[in-house]
Amino acid sequence: MSRPIALTIAGSDPGGGAGIQADLKTFSALGVYGMAAITALTAQNTREVTGVSEVPAEFVAKQIDTLFADITPDAVKTGMLANVDVIRVVAAKAREHRFQNLVVDPVMVAKSGDRLLREDAVKALREELLPAAFVVTPNIPEASEILGRTIETVEQMRKAARQLHEMGAVNVVVKGGHLSGESATDILFDGKRYHEYSARRVPTKNTHGTGCTFASAIAAHLARGETVAEAVQLAKSYLTGAIERAYDVGHGHGPVHHFWRWWDSS
């Protein structure tokens, strides 16, 4: 039996907590062979993003084409796509290569507050990439920006998930970590019914890369053959454990512990 394979198309975080580094760690931790096509280089640490160098869209396309000429992944996850041209290329390649289990994490802003997606690219993400997504995983600020309205309650999260589904995404997970309360609740809408996933909120500042890790964990479990509902549940459990066992790296928002099931961070 061959090992499941997942591809991340995203930006690089030299600090190792987010971006393709977090994606590849997550794939490995969950028993999936990981590949990466890089869309942008960032200069960042746990406190700030000091620079971004975007990879030309045609070279992003070349990376994807070259991989698919040799290796077909069982799932594809997108993260930081940076600009309109890259979004359009990725959407086109998703159709051309018939991406299986495309998980779109609509990365817009880093944990530090620095913007990672140009404002003029939101329309392209909404109109060209969402319709190609098998699963899309916005947090509340991202869903709010895509939809152009505020989201402040679980009921509004449900409505947002349905509206994003109507835009073309097959399955929508709206993450509720930005709401207050003792638990963090995510809502999955699969086009027919809602699924609710709650976990105890972990009091920690070390949450760098949580969005990347969650979306990558969903992709990994889809690559392994789980259903969407199972993949989201398993990803939620994995991420909660990674946050609970996060440890201090740097002086800002430290990373989660991707290999918490394998070695102790203490």
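**Helix pairs and the sheet**

Biologist: At what angle do helix α3 (residues 84-96) and helix α4 (residues 122-129) pack?
Modeller: The axes of α3 and α4 lie 9 Å apart. Axes are lines fitted to C-alpha atoms, for helices over the stretch in contact, and angles run from 0 to 180 degrees between N-to-C directions. Helices (H or I, at least four residues) and strands (E, at least two) are DSSP runs, numbered from the N terminus. The angle between α3 and α4 is about 10 degrees.

Biologist: What kind of model is this?
Modeller: Residues are numbered from 1 along each chain as its sequence is written, and side-chain values use heavy atoms, with hydrogens and water left out. Local features need pLDDT of at least 70, side-chain atom pairs count only at pLDDT 80 or more, totals for chains, interfaces and linings use all residues, and the model itself is predicted.

Biologist: How many charged residues does the contact of α3 with α4 have?
Modeller: Contact means heavy atoms within 4.5 Å; Val 84, Ile 87, Arg 88, Val 90, Ala 91 and Arg 95 in α3 meet Ala 124, Leu 125, Glu 128 and Leu 129 in α4. Ala, Val, Leu, Ile, Met, Phe, Trp, Tyr, Cys and Pro count as nonpolar, Asp, Glu, Lys and Arg as charged, and the others, Gly among them, as polar. By class, this contact has seven nonpolar and no polar residues, and the number of charged ones is three.

Biologist: Are α5 and α6 parallel or oblique to each other?
Modeller: Helix α5 (residues 140-147) packs against helix α6 (residues 154-166) at about 55 degrees, with the axes 11 Å apart. Angles under 35 degrees count as roughly parallel, over 145 as roughly antiparallel, 65 to 115 as roughly perpendicular and the rest as oblique. The pair α5 and α6 is therefore oblique.

Biologist: Is the crossing of α1 and α7 left-handed or right-handed?
Modeller: The axes of helix α1 (residues 19-29) and helix α7 (residues 210-223) come within 9 Å and cross at roughly 40 degrees. A crossing is left-handed if the near helix is turned anticlockwise from the far one by less than a right angle, and right-handed if clockwise. The crossing of α5 and α6 is left-handed; that of α1 and α7 is right-handed.

Biologist: Which strands stand at the edges of the sheet?
Modeller: Nine strands form an open sheet with mixed pairing, in the order β3-β2-β1-β4-β5-β6-β7-β8-β9. Two strands pair if DSSP finds at least two bridges between them. Each edge strand has a single partner, so one side of each is left without a neighbour in the sheet; these strands are β3 and β9 (194-200).

Biologist: How many residues does the hairpin from β2 to β3 pass through?
Modeller: Strand β2 (residues 33-44) and strand β3 (residues 49-54) run antiparallel, joined by five bridges. Thr 42 stands opposite Val 52 in β3, and Gln 44 has Val 49 as its bridge partner. The number of residues through which the hairpin joins β2 to β3 is four.

Biologist: What radius of gyration does the protein chain have?
Modeller: The chain has eight helices and nine strands, and its C-alpha atoms fill a box of roughly 45 × 45 × 40 Å along the principal axes. The radius of gyration is taken over C-alpha atoms, and the globule rule is 2.2 Å times the number of residues to the power 0.38. For 266 residues, a compact globule would have a value near 18 Å, which agrees with the chain's 17 Å.
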